[in-house]
Amino acid sequence: MEPRKGVPRVVAVLAGLLERAAERGDGEAGASASSAFRGRTRPGIAVRRYAERIYWYAGCRPACFVVAYVYLDRLARRRDDEEEAGAAVVGVDSYSVHRLLITSVMVAAKFMDDIHYNNAYFARVGGVEVAEMNGLELELLFALRFRLNVTPDTFARYCAALEGEMMMLAPPADPVPLLASPPEKEHRDQQDAAASRAFTAPPPQRAIVVDIVQ
């Protein structure tokens, strides 16, 4: 669960939770069969590397990954309720987890950050078509019933849950911040400036990998 140098621990912890959720979903026949998030094949990139890719190229603050976790948990809770009612649900498995991650982080970034990349950029980072990225965003918003607000108390509760998960999996010898990495602290002003150029500067070519999650 140790993240790469410069990657906040929250990214690795969330990815680990999603990997385990996908493994459980794989054991359920057709977990995401009726979901717009289901891909035709299993992506060749691991969830953790995909999460790191999003962090590096999408310019999202670590807090966005906490909010994305809130959204995904709300989705899971709604799924439990609707399964009992026999309604169509959004399942998490190896065919859907990548799309759920990129979409939830994108929506969280839009909700949290005044300056953020647009859908076309997120689509290139995530390896999906722009039209599909737009559709997935709408799918998530309606699945959440547009309940995007996250109160400070809720945010703190989910941070505590992620920190607890981190301590259970790999207790560090020294306390390590969940939401910040040293490079982020040192270069926050530079990152904010880079994000402000998102609407005029093209995305870096190295960020583009076609058909990651088809």
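Thr103 makes contact (heavy atoms within 4.5 Å) with Phe37, Met133, Leu136, Glu137 and Leu140, when residues up to four places away in sequence are not counted. Thr103 belongs to helix H4, where helices are DSSP runs of H or I with at least four residues, numbered from the N terminus. With a relative accessible area of 0%, Thr103 is buried; the term buried stands for under 20% relative accessible area, exposed for over 50%, and partly exposed for values in between, using a 1.4 Å probe and protein chains only. The model is predicted, so local features need pLDDT of at least 70 and side-chain atom pairs count only at pLDDT 80 or more, while totals for chains, interfaces and linings use all residues. Residues are numbered from 1 along each chain as its sequence is written, and side-chain values use heavy atoms, leaving out hydrogens and water.

Helix H4, residues 97–112, also packs with H2. Two packed helices are described by the angle between their axes and the distance between the axes. Here the axes come within 10 Å and cross at roughly 25°; they are lines fitted to C-alpha atoms over the stretch in contact, with angles running from 0 to 180 degrees between N-to-C directions. H2 and H4 are therefore roughly parallel to each other, a label for angles under 35 degrees. Their crossing is right-handed, meaning that the near helix is turned clockwise from the far one by less than a right angle. On the H2 side, Val47, Tyr50, Ala51 and Ile54 take part, and they meet Val97, His98, Leu101, Ile102 and Val105 of H4.

Turning to the rings, a search of the whole structure gives five aromatic pairs. Rings of Phe, Tyr and Trp (its six-membered ring) pair if their centres lie within 6.5 Å, and planes under 30 degrees apart count as stacked, over 60 as edge-to-face and the rest as tilted. One of the pairs is the tilted one of Tyr55 and Phe65, at 6.4 Å centre to centre and 55° between the planes. This pair links distant parts of the chain, with Tyr55 in H2 (residues 47–58) and Phe65 in H3 (residues 62–85), 10 residues apart. Tyr55 and Phe65 are both buried. The rings of Phe142 and Phe146 form an edge-to-face pair, because their planes stand at 80° with the centres 5.0 Å apart. Phe142 counts as exposed at 54% relative accessibility, whereas Phe146, at 47%, counts as partly exposed. Ring pairs also join Tyr55, Trp56 and Phe65 into a cluster.

Terms used
Helices (H or I, at least four residues) and strands (E, at least two) are DSSP runs, numbered from the N terminus. Angles under 35 degrees count as roughly parallel, over 145 as roughly antiparallel, 65 to 115 as roughly perpendicular and the rest as oblique.
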